[in-house]
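Q: Hi! Could you walk me through this structure while I have it open?

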Amino acid sequence: MPLTKDPLHPSPEKEKRKHKKCLMQCPNSYFMDVTCPGCYKITTVSSHARTVVLCVGCSTVLCQPTEGKARLTKGCSFRRKQH
């Protein structure tokens with residue numbers, strides 16, 4: 001009983017669809033300046049913060065951790081920092 005597909009030697013089209021590699025490795029996270037809606041102080045926060053970040057001035061919660069990126073509190077504005 002011969003196999004219809006050869007598992008050891010897949011076709012180039014199948015191999016190309018299977019592996020999607022980046023040409024250059026780069027991180028998906030970044031730092032951002034978050035402005036507090038209460039006292040307008042700027043705090044630097046990671047986009048993938050794993051802890052609750054509080055404002056230094058008024059102790060307002062600026063962002064909540066999620067399973068991936070951190071979720072900013074409503075009313076907070078941010079600017080992505082340049083590297």
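A: Happy to! Keep in mind that this is a predicted model.

Q: Nice. Where does Cys55 lie?

A: Cys55 is in the loop that runs between β3 (53–54) and β4 (61–64).

Q: And is Cys55 buried or exposed?

A: Cys55 has a relative accessible area of 3%, so with buried meaning under 20%, Cys55 is buried.

Q: Which residues make up the largest nonpolar core?

A: There are twelve residues in that core, among them Cys55, Val53, Leu62, Cys36 and Tyr30. β1 (31–35) and β4 each supply at least two residues of this core.

Q: What does Val53 touch?

A: Setting aside residues up to four places away in sequence, Val53 touches Thr43, Val45, Thr60, Val61, Leu62 and Cys63.

Q: Changing topic: where is Ser47 found?

A: Ser47 sits in the loop between β2 (42–46) and β3. Ser47 counts as buried, at 1% relative accessibility.

Q: What joins the side chains of Ser47 and His48?

A: A polar contact of 2.9 Å joins them.

Q: Which residues is Ser47 in contact with, leaving aside neighbours within four places in sequence?

A: Ser29, Tyr30, Met32, Lys69 and Ala70. Of these, Tyr30, Met32 and Ala70 also belong to the largest nonpolar core.

Q: Last one: what separates the C-alpha atoms of Cys55 and Lys5?

A: They are separated by 59 Å, and the two residues are 50 residues apart along the chain.

Technical notes. Residues numbered from 1 in each chain as written. Predicted model: local features only at pLDDT ≥ 70, side-chain atom pairs only at ≥ 80, totals over all residues. Heavy atoms only, no water. Helix = DSSP H or I, 4+ residues; strand = E, 2+ residues; numbered from the N terminus. Buried < 20%, exposed > 50% of the residue type's maximum accessible area, 1.4 Å probe, protein only. Polar contact = N/O pair within 3.5 Å; in protein donor to acceptor, adjacent residues only side chain to side chain. Contact = heavy atoms within 4.5 Å. Core = buried A, V, L, I, M, F, W, Y, C linked by side-chain atoms within 4.5 Å.
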